[in-house]
Amino acid sequence: MPDPDPQLTTDLKKRAHELGFQLAGVADAVTPLHLGEFKHWLASGFAGQMHYLSDRSEAYEHPDSVLSGVRSILMLGMTYPGGGREAPLPPGTGRVARYACGSGDYHDLIHDRLGQLRDTLLAAVPDALARGVVDTAPLLERDFAQLAGLGWIAKNTMLIHRDLGSWFFLAALLTDQPLVADEPFTADHCGSCRACLDACPTDAFPEPYVLDGSRCISYLTIELRSPVPHPLRSPSGDWVFGCDICQDVCPWNSPLEIRSEDAFQPQPQFAPLDLLELFELDDEAFRARFRTTPMWRARRRGMLRNAAIVLGNQQHHPATAALGRGLEDSEQLVRGACAWALGELGSPQAASLLSSRLEAEQDPVVQAEIHLALDGTD
């Protein structure tokens, strides 16, 4: 078995930086550091409805499942705009996590750069095997990033770099070529700080370093395909897609001026997002607007569900007509959320819309939402 190639390692890291990756470190392809904790996390139900994680849990046991014969993993980080806590939003708008506010989907841009980095490897070693991945393969990226010396896994379960905080995407280039591994990051600089744990409005951290994904606002607004549980609706506040709270309050993220790709710069139409306008979009119009953004993952029904919850939390009465349209939507998920939101408005007009819809509604879940909402209206 050949020894690691120092020159190839250096050349790949240099090329990675040229391609816009601010972080680059090498880890050996081994069993992940926290595999046992990951299996326990799954067994505890903290993945919620993300069944794809448990369905392929065995694949996380070794990166060989991602690339057969892998020997080294070049872990990479690409920054996106961070910053301090944002000002209150105008009523009728919703907050989008910063990573999703750009002009395109980060997966597309990073996959393109990984392809160019792979080409560099193949130019040097034509028969090499290599695969680039961005948070969709069964790879515990944060474990390997820590092994590659990029930072530590914090109490909020994010990977934190001492200079860049946690405002970056992780990606990986796996290869069967032996590269020189970096020293693992062994320190933990969270200390006694509890800022992230105490700031979470949905109490998604049962203990430090453990995230109950089923309570996380990012999960509730993106991954959850069913109605948001009633006790978690109000605490979700004005987040319509994702959440940045545990990053916003982290001392390692403030103050930071982070350079990032133009494609990741916040777009005015997304930061903040006009919620009433969403109810005017049919499936085709929604696809046209969001297909190339991370928000496409929630689909139209998920985004309208989220928008209704935000409007209910804001008790934004000018949204009554939009919520009334949502109450007639073809999607049960949208109708139920709009019923709840109208109940939060509590106005005679909202009650009239709810009563009218109740006469025609056939779905028992939505019927139950309407009855509860009517109990809260005048």
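Is T175 buried or exposed? In this predicted model, T175 has a relative accessibility of 1% and therefore counts as buried, the limit for that class being under 20%. The residue belongs to strand β7. A polar atom of the T175 side chain lies 2.9 Å from the backbone oxygen of L129. Beyond its neighbours within four places in sequence, T175 is in contact with L67, V70, R71, S72, L121, L129 and A130.

The strand that holds T175 is part of an open sheet of four strands, arranged in the order β1-β2-β7-β4 with antiparallel pairing. The edges of this sheet are formed by β1 (23–28) and β4 (130–133), each of which pairs on one side only. On average, and with direction ignored, neighbouring strands of the sheet are turned by 20 degrees against each other. Within the sheet, β2 (residues 72–79) and β7 (residues 168–175) are joined in the antiparallel sense by eight bridges. In this pairing, G77 is placed opposite L170 of β7.

Two helices lie across strands of the sheet. Helix α1, which spans residues 6–18, lies across β1 and β2 and runs at about 145 degrees to β1. Helix α4, made up of residues 106–124, lies across β2, β4 and β7, and its direction is at about 35 degrees to β7.

A further set of pairings involves strand β3. This strand comprises residues 93–96, and both of its faces are covered. T93 and R95 are buried on one side, and G94 and V96 are buried on the other. In a regular strand, side chains alternate between the two faces of the sheet. Strand β3 pairs with β9 (residues 273–274) in the antiparallel sense over two bridges, and G94 stands opposite L273 of β9. With β8 (residues 239–241), β3 pairs in the parallel sense, again over two bridges. Here R95 is found opposite W239 of β8.

Nonpolar side chains tend to be buried together in soluble globular proteins. For F279, the contacts beyond its neighbours within four places in sequence are L304, A307, A308, L311, A322, L323, R325, G326 and C338.

Charged side chains form 15 salt bridges in the model. One of these links R297 and E223, whose closest N and O atoms are 2.9 Å apart. R297 lies in the loop between α11 (283–290) and α12 (299–314), whereas E223 lies in helix α7 (residues 217–223), so this pair ties together parts that are 74 residues apart in sequence. R297 is partly exposed, with a relative accessible area of 38%, while E223, with a relative accessible area of 16%, is buried.

Another salt bridge joins the side chains of E277 and R289, with an N to O distance of 3.1 Å. Because E277 is located in helix α10 (residues 275–278) and R289 in helix α11, the pair ties together parts that are twelve residues apart in sequence. E277 is partly exposed, with a relative accessible area of 31%. R289 also counts as partly exposed, at 34% relative accessibility.

A salt bridge is also formed by E361 and R357, with 3.0 Å between the closest N and O atoms. E361 counts as buried at 3% relative accessibility, and R357 counts as buried at 13%. Together with E328 and R335, R357 and E361 are linked in a network of salt bridges.

Note on methods
Residues are numbered from 1 along each chain as its sequence is written. This is a predicted model: local features need pLDDT of at least 70, side-chain atom pairs count only at pLDDT 80 or more; totals for chains, interfaces and linings use all residues. Side-chain values use heavy atoms; hydrogens and water are left out. Two strands pair if DSSP finds at least two bridges between them. Axes are lines fitted to C-alpha atoms, for helices over the stretch in contact, and angles run from 0 to 180 degrees between N-to-C directions. Contact means heavy atoms within 4.5 Å. Buried means under 20% relative accessible area, exposed over 50%, partly exposed in between (1.4 Å probe, protein chains only). A polar contact is a pair of N or O atoms within 3.5 Å; within protein, one must be able to donate a hydrogen and the other to accept it, and residues adjacent in sequence count only if both atoms are side-chain atoms. A salt bridge is a side-chain nitrogen of Lys or Arg within 4 Å of a carboxyl oxygen of Asp or Glu.
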